[in-house]
Amino acid sequence: MRSETVSLSRINSFWKSIYFVEMILLYFLVAIRLRRYSLKKAVDLCTKLRPLTSLPNGLSTDEFVFFTRDLARSVIRWHLLSPSCIPDSLLVCWFLARRGIKAEFVIIVRNFPFMAHAQAFWNDALLTDPPPDWTIPGKFTTLMRK
């Protein structure tokens, strides 16, 4: 059973600060990649896995992923770029991929009323915010999954 809460005291403040700064830099790099490359190439670059590295203070992968989700939400609140679901989702995917953890990037669409939204998942756990109008009825179809 996976825990969705992490005792943040298990990660010291030095590493929290390092991860926060790294995520801010990655967020700007994601925005640059999205402007410079096609969406498919930017997604390929941001979801490319590296070998699994050690996690801080012996955290389990579940705990680190949910810590990453919470940290990304705080970074997204403080960034200076216009809000968009694609860079928000790619940020989480890229941060985890740099540590060898595979997060799934998905773009879903709905015909009527039209809506498209990008999300990041890890083992069926949603790591980014759901679409703002999730409660409006309509069938969503997956447009891209990486």
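**Helix H1 and its neighbours**

Guide: The axes of H1 and H4 come within 9 Å and cross at roughly 125 degrees (axes are lines fitted to C-alpha atoms, for helices over the stretch in contact; angles run from 0 to 180 degrees between N-to-C directions). H1 is therefore oblique to H4 (under 35 degrees is roughly parallel, over 145 roughly antiparallel, 65 to 115 roughly perpendicular, the rest oblique). The model is predicted: local features need pLDDT of at least 70, side-chain atom pairs count only at pLDDT 80 or more, and totals for chains, interfaces and linings use all residues. Residues are numbered from 1 along each chain as its sequence is written, and side-chain values use heavy atoms, with hydrogens and water left out.

Take the H1 side of this contact (heavy atoms within 4.5 Å). H1 contributes Tyr19, Glu22, Met23, Leu26, Tyr27, Leu29, Val30, Arg33 and Leu34. H4 answers with Ile86, Pro87, Asp88, Leu90, Leu91, Trp94 and Phe95. By class, 13 of the residues in the contact of H1 with H4 are nonpolar, none polar and 3 charged (nonpolar: Ala, Val, Leu, Ile, Met, Phe, Trp, Tyr, Cys and Pro; charged: Asp, Glu, Lys and Arg; polar: the others, Gly among them).

H1 also packs on H3. H1 spans residues 13-36 and H3 spans residues 61-78. Their axes lie 10 Å apart, at an angle of about 60 degrees. H1 and H3 are therefore oblique to each other. From H1, the contact uses Lys16, Tyr19, Phe20, Met23, Ile24 and Tyr27. From H3 come Phe64, Phe67, Thr68, Leu71, Ala72, Ser74, Val75, Ile76 and Trp78. Sorted by class, the contact of H1 with H3 has 12 nonpolar, 2 polar and 1 charged residues.

Now the rings. The structure holds 8 aromatic pairs (rings of Phe, Tyr and Trp, its six-membered ring, with centres within 6.5 Å; planes under 30 degrees apart are stacked, over 60 edge-to-face, the rest tilted). In one of them, the ring centres of Tyr19 and Phe64 are 5.8 Å apart and the planes stand at 75 degrees, so this pair is edge-to-face. Tyr19 sits in H1 and Phe64 in H3, so the pair ties together parts 45 residues apart in sequence. Tyr19 and Phe64 are both buried (under 20% relative accessible area; exposed is over 50%, partly exposed in between; 1.4 Å probe, protein chains only).

Phe64 also pairs with Phe95. That pair is stacked, at 6.2 Å centre to centre with 20 degrees between the planes. It links Phe64 in H3 to Phe95 in H4 (residues 85-97), 31 residues apart. Widen the view: Phe14, Trp15, Tyr19, Phe64, Phe67 and Phe95 form one aromatic cluster.

Stay with Phe95. At 0% relative accessibility, Phe95 counts as buried. Leaving out residues up to four places away in sequence, Phe95 touches Tyr19, Glu22, Met23, Leu26, Phe64 and Thr68.

Last, the setting. The chain has 4 helices and 4 strands (DSSP runs numbered from the N terminus: H or I, at least four residues, for helices; E, at least two, for strands). From the N terminus on, the order is α-α-α-α-β-β-β-β. Of its 146 residues, 40% count as buried. Among contacts with a separation of 6 or more, 72% join residues 24 or more positions apart.
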